[in-house]
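Work through the following exercises with the sequence and the model at hand. Each task is followed by a stepwise solution.

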Amino acid sequence: MILPAGFVLLALLQQPAQGFDHMKHKALFPSCTTCHAGVATKGESLWPDPVSCTTCHDGTIEKTVVWRPPTSPRRSNLRFDHVGHAAKAKDKSSSCSVCHTLAGEPRMAVRDPVVQRCLDCHGIRTAHLAAPDTACATCHVPLARAASFTRQDVAKLPAPPSHAAPDFLSRGGHGAVSRQTLGTACATCHAREFCYECHAGSAPPRAIAWLGSDPRSTAIVARAAPATHGDNFADRHATLAAASTTSCTSCHVRADCLECHRPSAARGAGYHPDGFLARHPASAYAREASCSDCHNVGAFCTSCHAQTGLTAAGVLRSGYHDARPFFVVGHGQAARQGLESCVSCHAERDCLTCHSAAGGRRFNPHGPGFDGARMRRKNFAMCTVCHGAAVP
Amino acid sequence: MKHVCALLVLCASPLAAQGYRLRLDGRFQAVGYRGVQLDSIAVTDTVAGPSGGPTTPDGFAVRCPSGVPYCLFFRPGAVQRGAPFVTTADASLWGFGVRGLSAHVTARTALDLTGSNAWPGTDPALQLLTAYAEYSVERLTARAGRQLNSNRLGMIGFDGASITVRDGRRGLDVSLYGGWGLARGVALPVTSPALNPIADFQPGTRQLLLGAEAGWSGRLGDVRAEYLREVDPASDYFVSERVGFAGVARPAAGWSVSAGADYDLAAGWWGSAEATLGYTARAVSGAFGVRRYRPHFDLWTIWGAFSPVPYTAVQGQVSIRALPQVQLRARGERYRFSDADVSTPLVSVEQSGWRGELGMTASPAPSWTFDAGYTREFGPGAASVGTSASLSYAPAGPFAITVHGAALDRPLELRFSESVLHLYGVDTQYEVNPGFRLELGAVRYAEDRRRPDPGAIDWGQWRVSVRAVLAIGSGDDLDRLPPAVRRMPGGRAQR
């Protein structure tokens with residue numbers, strides 16, 4: 001992975017320098033250091049003295065110009081010092097034109113530094129943004145040390161091509177790479193706060209702490225959902241979330257889940273569509289979802305049904321199921337299919353009126369899959385509700 | 001609520017380096033609806049109605065069970081009016097001098113300002129959803145207090161402790177948790193009177209709960225296994241004992257195969273299960289799979305002995321971004337219940353059903369979103385056919401408005417109820433500042449019961465709601481960040 005650098009400068013690097021027309025003045029300045037003494041001598045200004053311009057631009061010989069040297073350092077994240085760099089590069093050609101002109105151009109066709117020249121000299125044989133991870137720090141300081149950058153500068157940092165890989169957001173993508181390159185490549189553009197935009201879960205990778213802290217790093221928007229989420233992820237996230245809990249919790253905190261999966265929420269924030277109250281009978285009868293995961297039958301379903309008069313209240317033959325004249329004698333299938341719906345209005349005593357070995361009509365309620373021996377072993381007390389002490 | 005705020009203030013003041021997040025979400029509603037009231041009349045007092053069937057003298061169709069001297073019918077009940085004011089407070093505290101140590105509280109107050117009981121969940125008025133201290137580092141997370149674990153066995157609430165140990169490099173994690181359990185789907189112990197509104201069987205003691213989870217997460221997939229047992233300490237009998245398995249395979253970019261199942265060790269049967277093939281790309285995503293659902297009942301009830309039967313469903317869904325501004329969606333499911341092993345020639349009940357939905361979301365212009373959907377379902381007990389649409393205007397500024405409407409036809413299978421419902425509503429939102437949002441909404445339910453007799457009780461009603469969401473906290477990173485970040489324990493820069 002490579003992390004980009006010199007982002008704001010890059011846009012300018014490939015363009016001829018603006019403002020001062022060097023070529024027009026080529027006959028006047030045989031040496032660059034005449035005006036830019038600071039590139040050769042430590043402590044001198046990088047910029048010419050404006051007074052020297054008035055030698056010619058006095059309003060008589062040439063029209064006057066108004067120019068003042070910049071008072072603040074250029075916004076940059078380059079690890080570069082002209083004097084020091086010239087000293088280190090003394091074995092190579094250290095003339096200004098090596099970096100500030102394209103190959104074959106005259107000396108005074110001055111441009112901002114040509115990145116390709118940097119790469120060539122430093123032996124980097126790739127495009128700038130595709131340079132190896134170890135190369136970034138050759139020219140760039142970590143973002144946390146690029147004090148002159150503004151949030152706007154950070155926001156414009158270009159992403160290297162590796163970031164567009166389909167699995168880059170996955171643990172096997174940036175996660176695997178970052179363990180080796182956090183302190184070198186990643187740090188060029190990113191700081192700790194950037195990672196925490198997504199790694200908000202309870203246990204973020206410890207490696208993130210290796211990065212420096214810099215609030216400007218959040219200017220890069222990186223909150224896109226992983227590619228696996230897609231447009232309708234909310235509808236189908238259940239099984240994935242059950243299997244991949246660890247993955248979920250690297251970005252999500254519990255409160256995210258509780259926004260919808262809130263116990264007894266009278267209106268979850270978005271789980272049910274608008275107007276669901278009106279159409280919940282069909283969904284509840286056939287258990288489109290597991291209602292009781294979030295809604296307690298007693299506290300939610302039954303209390304509301306009771307308030308609207310929809311509870312059996314001990315009267316078995318209340319006449320509610322009036323679309324089937326003999327519903328009481330033929331309710332078995334409906335009950336076994338929708339038992340959760342039944343118990344939102346009926347109490348256990350309603351059923352025990354007939355379905356009890358201790359009294360009533362002694363109809364056997366046990367059906368397919370009933371394992372009496374196992375249930376007796378697990379909870380004998382439940383058996384005694386109907387069978388008393390004489391559990392078979 | 002006062003107690004929670006007081007606790008937060010008391011805890012916060014002496015700790016100079018403490019950071020906090022607090023989110024208050026308050027919602028007030030005014031609702032009014034009319035229920036039904038069971039009534040009876042002597043057989044001898046009924047008269048013949050227009051269709052020849054028995055009615056009361058004032059026209060209510062009645063049902064006269066054989067063998068008894070009276071007939072039953074439902075009159076309109078009293079109008080129920082409620083004014084629920086529900087506030088949820090979600091707070092995180094950190095900065096106790098130990099990196100990774102934090103405290104979390106989520107509490108809810110629910111008051112019905114009319115003093116009636118028309119709104120569910122208002123008893124007790126204060127409910128503590130979660131309240132735990134957490135110590136979390138990369139390889140370990142430990143919690144103590146009231147917690148909610150959401151996994152494939154459901155939402156497991158308990159007062160106790162949990163510990164998770166993980167090896168991120170190998171993708172392994174193991175969790176163990178235990179304590180005194182809460183009832184399913186609510187933040188109350190199973191002994192709470194609020195869970196027994198019609199006074200039937202109820203345990204006298206809270207269940208003891210012990211659970212364990214283990215998972216492996218790799219580049220090509222994840223697997224997870226869970227175990228949970230709940231025991232009644234008074235009798236040492238099981239309340240439930242279940243295991244669950246889930247896995248995801250990602251064989252190629254964009255493709256996933258997920259599956260899971262749970263087995264009820266106490267009842268000796270498989271519970272719910274599913275297997276899904278999913279595909280996600282930039283313009284298309286979809287899933288196709290099968291699932292099975294069987295309800296789970298704790299053994300302190302007798303319902304498990306009534307042998308609830310599962311259904312098995314085939315389902316599919318697809319979402320297509322036909323244009324950059326238009327997303328189309330469709331989903332469908334067909335299901336069939338297993339044989340209930342019971343029948344009578346007198347009553348037949350649907351054994352299978354289906355449900356489907358077609359919809360689209362379009363953003364024809366910046367700030368404008370139009371959504372429309374058509375749903376249809378048919379199955380045991382009930383059916384429905386409905387259309388819905390909404391139009392939202394949400395410019396970059398602080399204001400947003402949505403108008404929505406729906407029509408629904410919802411016949412029941414086991415009861416005469418051929419109702420048609422129309423729904424109209426408006427929701428507005430005003431973001432005073434990034435930490436404070438106000439919402440105002442109103443919705444009208446207009447129902448036509450389609451019964452020829454006075455039993456056509458109108459359920460129509462207005463609901464008006466006002467909501468305020470306040471998020472405050474230490475630090476300056478609350479603005480326009482995703483919820484997960486705003487709630488992140490410890491804050492970003494503090495970690």
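**Exercise 1.** Find which residue just after H19(A) takes a positive phi, and state the angle.

Solution. The residue is A:Gly388, with a positive phi of about 65°. H19 of chain A spans residues 380–387; helices here are DSSP runs of H or I with at least four residues, strands are runs of E with at least two, and both are numbered from the N terminus. The model is predicted, so local features need pLDDT of at least 70 and side-chain atom pairs count only at pLDDT 80 or more, while totals for chains, interfaces and linings use all residues. Residues are numbered from 1 along each chain as its sequence is written, and chains are lettered from A and ligands numbered from 1 in the order in which they are written.

**Exercise 2.** List the buried residues of H19(A) and explain why they lie on the same side.

Solution. Step one: a residue is buried if 20 or more other C-beta atoms lie within 10 Å of its own, exposed if 12 or fewer, and partly exposed in between, with C-beta atoms placed from the backbone. By this rule A:Met382, A:Cys383 and A:Cys386 are the buried residues of H19(A). Step two: they share a side of H19(A) because they cover an arc of only 100° around the axis, the arc being that of the directions from the helix axis to the C-beta atoms. Step three: their cover includes helix H17 (348–352) and helix H18 (372–378) of chain A.

**Exercise 3.** Describe how S15(B) pairs with S14(B) and with S16(B).

Solution. Two strands pair if DSSP finds at least two bridges between them. First, S14 (residues 255–264) and S15 (residues 269–280) of chain B are antiparallel over nine bridges. B:Asp264 stands opposite B:Trp269. Four residues lie between the two strands of this hairpin, and B:Gly268 in the turn has a positive phi of about 80°. Next, S15(B) and S16 (residues 284–293) of chain B run antiparallel, joined by eight bridges. B:Gly278 has B:Ala287 in S16(B) as its bridge partner. This hairpin has three residues between its strands.

**Exercise 4.** How many residues does each chain give to the contact, and which strand of chain B gives the most?

Solution. Residues are in contact if their C-beta atoms, placed from the backbone, lie within 7 Å. Chain B gives 135 residues and chain A gives 112. On the side of chain B, strand S13 (residues 237–249) gives the most, with six residues.

Definitions and conventions: Contact = placed C-beta atoms within 7 Å.
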